[in-house]
Amino acid sequence: MHPLQCVLQTQRWGPLASVSWLLLRTCRAHSSVPSTACPSSERQQEDGVRKDFSSRLASGPTFQHFLRSASAPQEKPDMEDPPPYLTVDELLGRQRKVYLETYGCQMNVNDTEIAWSVLQKSGYLRTRNLQEADVILLVTCSIREKAEQTIWNRLHQLKALKTKRLRSQVPLRIGILGCMAERLKEEILNREKMVDILAGPDAYRDLPRLLAVAESGQQAANVLLSLDETYADIMPVQTSPSATSAFVSIMRGCDNMCSYCIVPFTRGRERSRPVASILEEVRKLSEQGLKEVTLLGQNVNSFRDSSEVQFNNAVSTNLSRGFSTNYKPKQGGLRFAHLLDQVSRVDPEMRIRFTSPHPKDFPDEVLQLIHERDNICKQIHLPAQSGSSRVLEAMRRGYSREAYVELIHHIRESIPGVSLSSDFIAGFCGETEEDHLQTVSLLREVQYNMGFLFAYSMRRKTRAYHRLKDDVPEEVKLRRLEELITVFREEATKANMASVGCTQLVLVEGHSKRSATDLCGRNDGNLKVIFPDVEMEDVNNSEVKVRAQPGDYVLVKITSTSSQTLKGHVLCRTTLKDSSAYC
Ligand code: 5AD
Ligand code: SF4
C-alpha cells in the first residue's frame with residue numbers, strides 16, 4: 001500500500017472517527033421538542049434504550065481503543081466487528097423500510113444508489129411509499145440557496161409525518177445525506193430536532209451505524225470528508241430496471257476552488273476511482289444489456305488514477321491551451337484519455353458520455369479519441385460561466401474569454417459536428433451591464449445546443465463570500481438570467497435547425513411522455529428525439545418488420561426542431577457499428 005494511503009485510511013477510520021462520536025447527541029439535552037411530541041411510553045422506551053446505550057458508551061471505547069485503531073487501520077466499518085457500544089444485531093436493518101428521496105445533480109442520484117447499496121447489504125428494505133417508511137433519507141444539494149430552501153420546506157412536511165408516527169411503537173427516523181449535511185453540519189441538528197442522522201458525501205458506509213445509534217434516540221452524525229473514499233467496491237444499485245443507460249462514478253470532489261462554488265467544501269478533495277474497478281462496473285452493465293454509460297464526476301476530465309505505482313511517473317498533466325489551474329500541477333497517474341479509451345473498448349455497441357468536465361482539461365489526446373471512436377458521443381459540456389474575462393478572473397476560472405473561444409474553435413475543428421453545451425451564472429459579484437452583454441455575445445457566438453443557466457447565489461465559506469460583494473440586486477440577476485435564457489433558446493433553435501433533413505442515430509428510451517403512439521430517444525448529441533412508433537426494417541434482416549424497443553438503435557430522419565427537442569420519422573433499426581455508414 002502506498003504510505004500516503006495508509007495515513008489517509010488511518011485518518012478516516014482511526015482517531016478522527018471519534019469526531020462522529022462527538023456529534024452523537026441526546027434528544028433531551030439539546031432538544032426543544034415539546035413534550036407532546038414525545039409521548040411518555042415512547043419516552044420511557046427511548047430512556048431505557050438510552051440508559052443502556054449510555055452505560056455501554058461509558059464502558060465502551062477507551063483512548064487505547066483509538067490507538068489500536070490508529071495502528072491497525074480498517075478499510076471500512078465491518079459488520080462482523082461493530083463498535084464497542086453496538087451489537088452486530090443492532091447494526092442490521094432487520095427489515096426496516098427505507099424511503100430515499102434525491103435532490104440536485106446526477107452525482108446525488110449516484111450517491112443515492114450507493115447509500116441504498118450499503119443499506120440493502122445490512123438488511124434494510126426499500127419502499128417507494130413514504131407512509132410505510134421506517135427511515136426517510138433525503139440526499140441533498142447545497143449548490144444554491146434555493147436548493148437548500150427546498151429541503152428545509154420538505155423537512156417541515158416530514159415533521160408532521162414524524163409527530164403522527166411517534167404515537168405508534170416504531171418511531172420514524174429522518175436523515176439528511178450529502179452536501180447539505182456537510183455544509184451545515186450541526187446547524188441542521190440544532191434547527192430541526194426531528195433530524196436523527198446526518199451523513200456527509202463520504203460517510204455512506206457508516207449509515208448502518210448512524211441508524212443504529214439513532215434507534216436509541218440519539219442524534220448521530222458523520223460529516224468527515226475523506227481524501228481517498230471513491231466507493232470503488234460498492235456496486236450502485238440501478239434504480240430503474242428497464243433503463244437503457246447508467247451513470248458510472250469515476251471520481252469525486254473538486255480542487256478547482258472557483259470562487260462562487262461550495263462543492264470543494266461539501267464534497268472535498270479530488271480523488272479518482274481505480275481504472276480496473278471502473279472497467280469492471282462498465283463490463284457488468286454491458287452484460288446486463290445497457291447501451292449507454294455516462295462517466296460521472298464533479299470534474300470528470302481531471303481524472304487521475306494514481307493507485308498503480310508503475311504509473312506514478314513525473315509526467316505532468318496536459319491542460320487545454322491558454323488555461324491554468326488554481327492548484328500546483330499534478331503529476332503521474334492514469335489520465336482521462338486512457339480511461340476513455342479503455343471504457344470505449346468494453347463494448348462497441350455501448351455509447352459513452354461523460355459529465356461534468358472543466359474546460360481546462362481537454363488536451364488533444366482526449367479530443368482525438370472522441371473524434372476517432374464511434375461509440376464516444378460527439379457531445380461536450382464546456383461550462384463557461386461568463387463571457388467576460390473580468391468576471392472569469394473574479395470567478396477564478398483559470399481562463400479568459402479569448403482562451404475559451406479559441407478552445408471552442410479547436411474542438412469544432414477536431415470533432416466536426418460536435419454538440420456543445422454550457423453552464424452560465426448571471427449576476428456574479430461585480431458583474432456590470434457590460435459584462436452581462438459579453439455573456440450574451442458569447443451565447444450568440446458559440447450557439448450552444450444545450451444550456452444550464454443560473455442566477456448567482458452567494459454561498460458561505462466560498463472565496464467570493466469572504467472577498468467579494470454580492471452587489472447585483474436580485475431583480476437585476478433575474479432580469480439578466482431571463483435575457484440569457486431567451487438568447488440561449490434562440491441560438492439553440494438555430495443550431496438545431498441544422499439537423500433538419502439529416503439522418504441521426506437514436507438510442508430508443510421508450511414511449512414519449514406526451515403520446516403513447518410516439519417513441520422517444522436521444523441522438524448522439526444527447527438531444528431528445530421524438531418519432532412515431534411504427535414498424536420498420538432491421539438492417540441485418542430485411543425480411544422481417546420490427547417495432548423499436550427500449551435499448552434499440554434506430555435511424556431517424558429529422559423533420560422539425562425546437563430549442564430542446566427534435567422530431568422525425570424512423571427509417572430502420574440498426575446497430576451503432578453499422579450506423580456509421582449512414583451518417
Ligand atoms: N450560484 C449559482 N450557480 C452556481 N453554480 C455553482 N455555484 C453556483 C452559485 N453559487 C452553477 C455553475 C456550475 C453549475 C453546476 O452550478 O454554473 O457549473
Ligand atoms: Fe464548483 Fe468550479 Fe469545482 Fe465545478 S469546477 S465543482 S464550479 S469549484
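**Group meeting: strands, backbone exceptions and a ligand shell**

Strand S21 and strand S24 (residues 565-574) run parallel and are joined by 2 bridges, where strands are DSSP runs of E with at least two residues, helices are runs of H or I with at least four residues, and both are numbered from the N terminus; two strands pair if DSSP finds at least two bridges between them. Before I go on, this is a predicted model, in which local features need pLDDT of at least 70 and side-chain atom pairs count only at pLDDT 80 or more, while totals for chains, interfaces and linings use all residues. Residues are numbered from 1 along each chain as its sequence is written, chains are lettered from A and ligands numbered from 1 in the order in which they are written, and side-chain values use heavy atoms, with hydrogens and water left out.

Let me turn to the backbone. Most residues other than glycine have a negative phi, and most peptide bonds are trans. Lys185, which is not a glycine, has a positive phi of about 45° and sits in the loop between helix H9 (179-184) and helix H10 (186-191). Gln385, also not a glycine, has a positive phi of about 75°, in the loop between strand S15 (379-381) and helix H16 (389-395). Are these residues buried or exposed? Gln385 counts as buried because its relative accessibility is 8%, whereas Lys185, at 27%, counts as partly exposed; buried means under 20% relative accessible area, exposed over 50%, and partly exposed in between, with a 1.4 Å probe and protein chains only. The peptide bond from Thr355 to Ser356 is cis, with omega near 0°, and Ser356 lies in the loop between strand S14 (351-355) and helix H15 (364-372).

Finally, the ligand. The residues around ligand 2, meaning those with a heavy atom within 4 Å of it, include Cys254, Cys258, Cys261, His358 and Arg397. By class, this shell around ligand 2 holds 7 nonpolar, 4 polar and 1 charged residues, where Ala, Val, Leu, Ile, Met, Phe, Trp, Tyr, Cys and Pro count as nonpolar, Asp, Glu, Lys and Arg as charged, and the others, Gly among them, as polar.
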